[in-house]
Amino acid sequence: MNMPPTPAAPDAFARGLAGVVAGRTAVCSLEGDLRYRGYSIEPLARAGDFEEVAYLLLHGELPTRAERDAFAARVTSAARSLDPAVIDCLHRLAAARPDAAPMDALRTGVSLLGQIERDVLPGRREALLAQAERLLGQVPALLAAWCDLASGRPVAPWPTGSIAAALLERLTGRTPPADHAAIFGTTLVLYAEHEFNASTFTARTIVSTGSDMHSGITGAIGALKGPLHGGANEQVLEVLAAIGSAERAEAWLEEQFAAKRVVMGFGHRVYKDGDVRAKLLGAMCRALTRGTAAEPLEGLAARVESLMLARKGLRPNLDWPAARVYHALGLPVSVFTPIFVVARMSGWTAHVIEQIGDNRLIRPLSLYCGPAPRDYVPLASRVGQAEACPTRTGFSLSPIRP
Ligand code: ACO
């Protein structure tokens, strides 16, 4: 009989792998301060230059001006040269289901790109970096193309400018003012990377089997979609809309607590004293919305924050201000999580390359909790029903409604 090459079977386990160190990374650290490749998040976020951060994550060092511009030109060129076969497939899908979630279109689109580009396995580092740079341009272009096609419009050309300015222009249909493009760039920087989160770990697990980058990224998009991870930013606006006014906040929250529902945009697996990204972007969001039609939402958000802290000791995560910023920029809710995909593409691909460069199959163990050994009964003589496996669901995942 084959035995696992590990010590005796464990008698304890960490639910959801909480607190488990599952590998090493040089891409990002959360110890004390959030840092990308050693650089603190705050100056990177304030500079708000997604291209320089994507370059840093992928190549390991901050670029010079020339390196940054050449990188940006390669990414833009990828955004402008989406394979017509991919557009054609999305066109047919949009005609059949124009109401499909953009997040699903992105997952399908990356999978299609993988089929067309035929990743070479095992990838050399240079080839993988080139593939990552192409994805950085192709994915925002896919998102914008889907939005056009789902609205029955032909696919518009990719504009000039940074990824942030160009994507914002494509998604809103107008050239963004400089302060809008700047804060949008900051959200991309803040969303770019976050160590072994669920989607990144998914991507690493997939490529650890020897599979390719597009497969890893397709899986990561699926993992990000869930409301406990990236999907939360779309639900944040639902929360705010459902509460409606600061006076209703307390009663609404009590209802959620009584029903054991989580409040989207609060809490974090790693940050128990608050998410530095939420603090930074929250302040920027308040400055952006001051004196605008979006300002009243900030009063409501502040009330919810103080109640969540007082009642549950929970602070906002990045999704809480990011959703409000996207709303203030005039973006539809259905593209909030896809924008997270555009940004996290940089972190995912950096991790995929790191995993492939120092790979060992990711294959943990489980603690068996099923029936004791029993004898097989042939179908003809079987009576009675097998008992369903007991599950523990924890808190409710149902979408929050008033
Ligand atoms: N609302 C209400 N209660 C909460 C929330 C919340 N947002 N978050 C945690 N809790 C409660 C838990 O139910 C748990 O209560 P219990 O002790 O009575 O069972 C307690 O706080 C402790 O929970 P944790 O162990 O800290 O939660 P965990 O680490 O397993 O989960 C998670 C983290 C999934 C992010 C959780 O906080 C959550 O569901 N938040 C809402 C979804 C969300 O905003 N996700 C975005 C994450 S950040 C990102 O992707 C950028």
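The model is predicted: local features need pLDDT of at least 70, side-chain atom pairs count only at pLDDT 80 or more, and totals for chains, interfaces and linings use all residues. Residues are numbered from 1 along each chain as its sequence is written, and side-chain values use heavy atoms, with hydrogens and water left out.

Secondary structure follows DSSP runs, numbered from the N terminus: helices are H or I runs of at least four residues, and strands are E runs of at least two. Burial is assigned by relative accessible area: buried is under 20%, exposed is over 50%, and partly exposed lies in between (1.4 Å probe, protein chains only).

Helix 2 spans residues 50-59 and is mostly covered. Nine of its ten residues are buried. Among them are Phe-50, Tyr-55 and Val-53, and also the acidic residues Glu-51 and Glu-52. Asp-49 caps the N-terminal end of helix 2. One of its side-chain oxygens lies 3.2 Å from the backbone nitrogen of Glu-51. Such a polar contact is a pair of N or O atoms within 3.5 Å; within protein, one must be able to donate a hydrogen and the other to accept it, and residues adjacent in sequence count only if both atoms are side-chain atoms. After helix 2 comes Gly-60, with a positive phi near 95°.

An open sheet of three strands runs in the order 1-2-3, with antiparallel pairing. Strand 1 (28-29) and strand 3 (39-40) are the edges; each has a single partner strand, so one side of each lacks a neighbour in the sheet. Two strands count as paired if DSSP finds at least two bridges between them. Strand 2 (residues 35-36) and strand 3 pair in the antiparallel sense over two bridges. Tyr-36 has Tyr-39 of strand 3 as its bridge partner.

The whole structure holds 20 salt bridges. The criterion is a side-chain nitrogen of Lys or Arg within 4 Å of a carboxyl oxygen of Asp or Glu. Arg-204 and Glu-354 form one of them, at 2.7 Å from N to O. This pair links distant parts of the chain: Arg-204 is in helix 9 (residues 198-208) and Glu-354 in helix 16 (residues 336-357), 150 residues apart. Both residues, Arg-204 and Glu-354, are buried. Glu-250 and Arg-303 form another salt bridge, with the closest N and O atoms 3.7 Å apart. Here Glu-250 lies in helix 12 and Arg-303 in helix 14 (residues 295-312), 53 residues apart. Glu-250 is partly exposed at 42% relative accessible area, and Arg-303 is partly exposed at 31%. Shared partners join Asp-49, Glu-51, Arg-65, Arg-68 and Asp-69 into one salt-bridge network. Arg-153 and Asp-148 also meet in a salt bridge, at 3.0 Å from N to O. Arg-153 is partly exposed at 41%, whereas Asp-148 is buried at 3%.

Six aromatic pairs are found in the whole structure. Rings of Phe, Tyr and Trp (its six-membered ring) pair if their centres lie within 6.5 Å; planes under 30 degrees apart count as stacked, over 60 as edge-to-face and the rest as tilted. Phe-266 and Trp-320 form a tilted pair, 4.6 Å centre to centre and with 55° between the planes. Phe-266 lies in the loop between helix 12 (249-258) and helix 13 (276-289), and Trp-320 in helix 15 (residues 319-328), so the pair ties together parts 54 residues apart in sequence. Phe-266 is buried at 10% relative accessible area, and Trp-320 is buried at 0%. Ring pairs also link Phe-184, Tyr-326 and Phe-336 into a cluster. Lys-312 lies over the face of Phe-257, 5.0 Å from the ring centre. This requires NZ of Lys or CZ of Arg within 6 Å of the ring centre and within 35 degrees of the ring normal.

The disulfide count is zero, for a cut-off of 2.5 Å between cysteine sulfur atoms. The sulfur of Cys-147 is 18 Å from the closest cysteine sulfur, in Cys-89, which is too far for a bond. Cys-147 is buried at 17% relative accessibility, and Cys-28 is buried at 5%.

Leu-365 falls in the segment after helix 16 and is partly exposed at 46%.
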